Amino acid sequence: MPAIMPISDLRNYTDVLKEVDASNRVYLTRNGRGAYAIMTVEEADELDRLRAVHAVLSDLKKAEERSNLEGWVSDEEMQKEMGLED
């Protein structure tokens, strides 16, 4: 379960950071509302990786939908367009 603390607890930031590990974020509140989250670098890197994967999959889905509407380009046409002809 994540730790939820008021942002004023950062005065003792070492105690707050002790609560953070790979499976536990610390959420900081300001005026009783969520304001920030503290997580490990590994978790942040994993979130970045997942965002990138999501973006690629989203672009691929849009490309597939567009190609189904407009038609596919043959391999030969693509190679010619890219200047890869023999």
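**Salt bridges and nonpolar core of the predicted model**

Glutamate 70 is exposed, at a relative accessible area of 58% (buried denotes under 20% relative accessible area, exposed over 50%, and partly exposed the range in between, with a 1.4 Å probe and protein chains only). The structure is a predicted model, in which local features require pLDDT of at least 70 and side-chain atom pairs count only at pLDDT 80 or more, whereas totals for chains, interfaces and linings use all residues. Residues are numbered from 1 along each chain as its sequence is written, and side-chain values use heavy atoms, with hydrogens and water left out.

The mean pLDDT of the chain is 90, and 99% of the residues score at least 70 (pLDDT is the predictor's confidence in each residue, from 0 to 100). Confidence is highest in helix H2 (residues 41–70), with a mean of 95, and lowest in helix H1 (residues 13–18), with a mean of 88. Helices (H or I, at least four residues) and strands (E, at least two) are DSSP runs, numbered from the N terminus.

The structure contains 4 salt bridges, each defined by a side-chain nitrogen of Lys or Arg within 4 Å of a carboxyl oxygen of Asp or Glu. One of them joins the side chains of glutamate 70 and arginine 66, with an N to O distance of 3.1 Å. These two residues are separated by about one helical turn because they lie 4 residues apart in helix H2. Arginine 66 is exposed, with a relative accessible area of 53%. Helix H2 also holds aspartate 48 and arginine 51, 3 residues apart, or about one turn of the helix; their side chains form a salt bridge at 3.2 Å, N to O. Aspartate 48 is partly exposed at 44% relative accessible area, while arginine 51 is exposed at 56%.

A further salt bridge is formed by the side chains of arginine 25 and glutamate 43, at 2.8 Å from N to O. This pair connects distant parts of the chain, 18 residues apart, with arginine 25 in the loop between H1 and E2 and glutamate 43 in helix H2. Arginine 25 is partly exposed, at 24% relative accessible area, whereas glutamate 43 is buried, at 17%.

The largest nonpolar core comprises 7 residues: Ala3, Met5, Val16, Val20, Val26, Leu28 and Ile38. Such a core is a set of buried Ala, Val, Leu, Ile, Met, Phe, Trp, Tyr and Cys residues joined through side-chain atoms within 4.5 Å. Strand E1 (3–6) and strand E2 (26–30) are the elements that contribute two or more residues to this core. Beyond its neighbours within four places in sequence, methionine 5 is in contact (heavy atoms within 4.5 Å) with Val16, Glu19, Val26, Tyr27, Leu28 and Thr29.
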